[in-house]
Amino acid sequence: MRVGGAAQWLLEPADPEQLREAIEAARAEGIEPRILGGGANLIIEDGVLPGVVITTDRMQRLFRPEPDRALGESMRMLEDPSPRHVAMAREEGLRFVAWSGISLPKLVRSAAKLGWSGLQGLAGVPGNVGGGVAMNAGGSWGDMWDVVERLLVIDENAQLVELTREQCQPGYRNARLGRKVVASALLRFELSDPRTVEEGVREYLQKKNAVQPVTLWSAGCVWKNPDKNLSGGRSAGQLVEQAGGKGRSVGGAIVSEKHGNFVVNTGTASAADVLRLIGETERLVADKTGIQLEREVKVWRSDLAGA
Ligand SMILES: Cc1cc2nc3c(=O)[nH]c(=O)nc-3n(C[C@H](O)[C@H](O)[C@H](O)COP(=O)(O)OP(=O)(O)OC[C@H]3O[C@@H](n4cnc5c(N)ncnc54)[C@H](O)[C@@H]3O)c2cc1C
């Protein structure tokens with residue numbers, strides 16, 4: 001969204017163990033750190049954000065686990081086994097270990113190149129693997145968790161622990177991880193053919209570009225789609241449109257004319273503009289339709305730690 005202020009403390013771990021140490025250090029000071037992925041689903045308030053922000057931006061490893069190594073061990077590996085990686089046939093393994101800082105577009109491209117199917121519908125979704133897993137990013141084609149087999153997380157006690165898929169209860173746009181922080185994910189794909197998967201990626205990108213303002217500054221969809229029984233099958237964007245919300249603005253923030261679920265920064269918006277516009281749009285929709293929209297975007301308020 002490109003609004004908001006500065007972090008009081010910014011920690012930049014480069015691997016899962018450093019991420020664990022950073023979390024432990026913040027908690028030892030009585031601060032619950034906020035975890036920053038690609039920032040593609042975040043609105044950060046103006047001013048100085050007190051406390052600790054940990055960015056996973058330096059944790060950009062993506063590799064194929066070696067077949068003769070335990071998968072859990074592979075997730076903790078610091079060295080990229082590139083020579084073996086290159087030598088492995090594309091039919092082998094069908095898994096990536098993705099550290100939380102790897103960008104979702106890079107992950108989608110890498111899977112497509114190998115002809116691995118499962119995530120092509122994520123084409124055009126910005127952000128990183130950690131945020132994608134935590135938010136259970138997705139769309140009408142499916143969700144990030146369709147390919148998650150196992151996670152390496154830092155738990156409530158600041159320990160690195162593995163979670164199998166069965167130990168998690170991911171829901172719609174929320175993996176329900178609580179205070180757990182994703183360090184690394186083991187992702188499992190289906191074998192397909194590179195041309196088919198790459199065509200799928202292109203197709204999803206075209207569809208997304210046609211209906212969403214993807215080239216403008218936004219935080220993606222602001223609201224979750226409500227229960228279809230409550231909304232008569234209308235999406236959050238349709239509700240905003242029907243309530244007359246499209247095109248409304250506050251300062252430099254505007255509800256996109258292209259898609260009612262996107263608030264766009266036209267270049268001069270402050271976080272205060274964006275948040276006021278979001279609040280006004282929610283009231284408008286509630287007045288006109290009786291439906292209270294629930295936010296998908298995360299808001300980091302400068303008066304609350306660890307929001
Ligand atoms: C143009 C545009 C299009 C979009 N399209 C879609 C779409 O089609 N579908 C969709 O689902 N989303 C979409 N989004 C939203 C966004 O891309 C996804 O939610 C993405 O998964 C956010 O990832 P991130 O790394 O940027 O997370 P951030 O925005 O950095 O963080 C989001 C939340 O995840 C938490 N988090 C981040 N990293 C971790 C971690 N390692 N462990 C635990 N928690 C963590 C943060 O603390 C925060 O609460 C779109 C956004 C934009 C701007």
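Visitor: How far apart do the C-alpha centres of domain 1 and domain 2 lie?

Guide: In this predicted model, the C-alpha centres of domain 1 and domain 2 lie 22 Å apart. The domain assignment places domain 1 at 6-55 and domain 2 at 62-196, and it also gives domain 3 at 213-300.

Visitor: How many residues does the contact take from domain 1 and from domain 2?

Guide: The contact takes 15 residues from domain 1 and 19 residues from domain 2. Each counts because it has heavy atoms within 4.5 Å of the other domain.

Visitor: What area is buried between domain 1 and domain 2, and which residues of domain 1 supply much of its side?

Guide: About 1200 Å² is buried between the two domains, and carbon and sulfur atoms give 69% of that area. On the side of domain 1, Pro-16, Arg-20 and Arg-27 supply 40% of what is buried against domain 2, more than any other three residues.

Visitor: Why is the pair Arg-179 and Glu-32 called a salt bridge?

Guide: The closest N and O atoms of Arg-179 and Glu-32 are 2.8 Å apart. The cut-off is 4 Å between a side-chain nitrogen of Lys or Arg and a carboxyl oxygen of Asp or Glu, so the pair qualifies as a salt bridge. Between domain 1 and domain 2 the count is 1 salt bridge.

Visitor: Which helix gives the largest share of the side of domain 1 that touches domain 2?

Guide: Helix H1, residues 16-28, gives the largest share, with 7 residues. The residues of that side of domain 1 divide into 6 nonpolar, 3 polar and 6 charged.

Methods:
Residues are numbered from 1 along each chain as its sequence is written. This is a predicted model: local features need pLDDT of at least 70, side-chain atom pairs count only at pLDDT 80 or more; totals for chains, interfaces and linings use all residues. Side-chain values use heavy atoms; hydrogens and water are left out. Domain bounds come from an automatic or database domain assignment. Buried area is the accessible area (1.4 Å probe) that two parts lose on being put together, summed over both. Helices (H or I, at least four residues) and strands (E, at least two) are DSSP runs, numbered from the N terminus. Ala, Val, Leu, Ile, Met, Phe, Trp, Tyr, Cys and Pro count as nonpolar, Asp, Glu, Lys and Arg as charged, and the others, Gly among them, as polar.
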